[in-house]
Amino acid sequence: PTRTSTDVPTLVHATRDAKLLARTAYSCPQCQAKQSDLPTDCVVCGLKLVLAPHLARSFHHLFPVPPFSEVPIATSLLTDSSKAP
């Protein structure tokens with residue numbers, strides 16, 4: 001989404017039911033509807049609208065960590081901890 005600013009207030013979707021007049025808004029790249037804040041779903045086309053920092057903060061949750069494989073502990077480490085491995 002791109003943030004736009006105008007000299008004249010325009011109609012902006014605040015929520016699904018409420019609209020307001022504002023000078024700055026975020027434009028949906030799919031349908032060009034204006035939203036008041038992000039992150040949100042576009043009320044016209046349903047597209048998820050997020051900024052890059054929001055996506056970067058949640059990106060690590062999109063891909064799960066592969067399962068760990070258990071590594072056996074060496075017996076020499078258990079018996080004598082004074083020796084360097």
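The accessible surface of the protein chain comes to about 6,900 Å², and 61% of this area belongs to carbon and sulfur atoms; accessible areas come from the Shrake-Rupley method with a 1.4 Å probe, and for residues only the protein chains shown count as cover. The model is predicted: local features need pLDDT of at least 70, side-chain atom pairs count only at pLDDT 80 or more, and totals for chains, interfaces and linings use all residues. Residues are numbered from 1 along each chain as its sequence is written, and side-chain values use heavy atoms, with hydrogens and water left out.

**Overall architecture**

- The secondary structure of the protein chain comes to two helices and five strands, where helices (H or I, at least four residues) and strands (E, at least two) are DSSP runs numbered from the N terminus.
- Along the sequence, these elements follow the pattern β-β-β-β-β-α-α.
- Of the 85 residues in the protein chain, 14% are buried; buried means under 20% relative accessible area, exposed means over 50%, and partly exposed lies in between (1.4 Å probe, protein chains only).
- Among contacts with a separation of 6 or more, 16% are between residues 24 or more positions apart, a contact being heavy atoms within 4.5 Å.

**The nonpolar core and the residues around it**

- Six residues form the largest nonpolar core: Tyr 26, Cys 28, Ala 33, Leu 38, Cys 42 and Leu 49. Such a core is a set of buried Ala, Val, Leu, Ile, Met, Phe, Trp, Tyr and Cys residues joined through side-chain atoms within 4.5 Å.
- Neighbours within four places in sequence aside, Leu 49 is in contact with Pro 1, Cys 28, Pro 29, Gln 35, Leu 38, Pro 39, Thr 40 and Cys 42.
- Ser 27 belongs to strand 2 (residues 19–27) and is buried, with a relative accessible area of 7%.

**Cysteines**

- A search of the whole structure finds zero disulfides, a disulfide being a pair of cysteine sulfur atoms within 2.5 Å.
- Cys 42 is in no disulfide, and the nearest cysteine sulfur, that of Cys 31, is 3.5 Å away. Cys 42 is buried, at 1% relative accessible area.
- Cys 45 is likewise in no disulfide, and its nearest cysteine sulfur, that of Cys 28, is 3.6 Å away. Cys 45 is partly exposed, at 31% relative accessible area.

**Loops and a surface patch**

- Pro 39 lies in the loop between strand 3 (34–35) and strand 4 (40–41). Not counting residues up to four places away in sequence, Pro 39 touches Leu 49, Val 50 and His 54.
- Pro 39 and Leu 51 are twelve residues apart in sequence, with a C-alpha to C-alpha distance of 7.1 Å.
- Val 50 sits in the loop between strand 5 (48–49) and helix 1 (52–58) and is partly exposed, at 32% relative accessibility.
- Val 50, Leu 55, Phe 59, Leu 62 and Phe 63 make a nonpolar surface patch of about 480 Å². Patches are made of residues with over 30% relative accessible area and no salt bridge; like charges are joined within 9 Å, and nonpolar side chains (Val, Leu, Ile, Met, Phe, Trp, Tyr) within 5 Å.

**Salt bridge**

- The count comes to one salt bridge, defined as a side-chain nitrogen of Lys or Arg within 4 Å of a carboxyl oxygen of Asp or Glu.
- The side chains of Asp 41 and Lys 48 meet in a salt bridge, at 3.2 Å from N to O.
- Asp 41 is partly exposed at 31% relative accessibility, whereas Lys 48 is exposed, with a relative accessible area of 60%.
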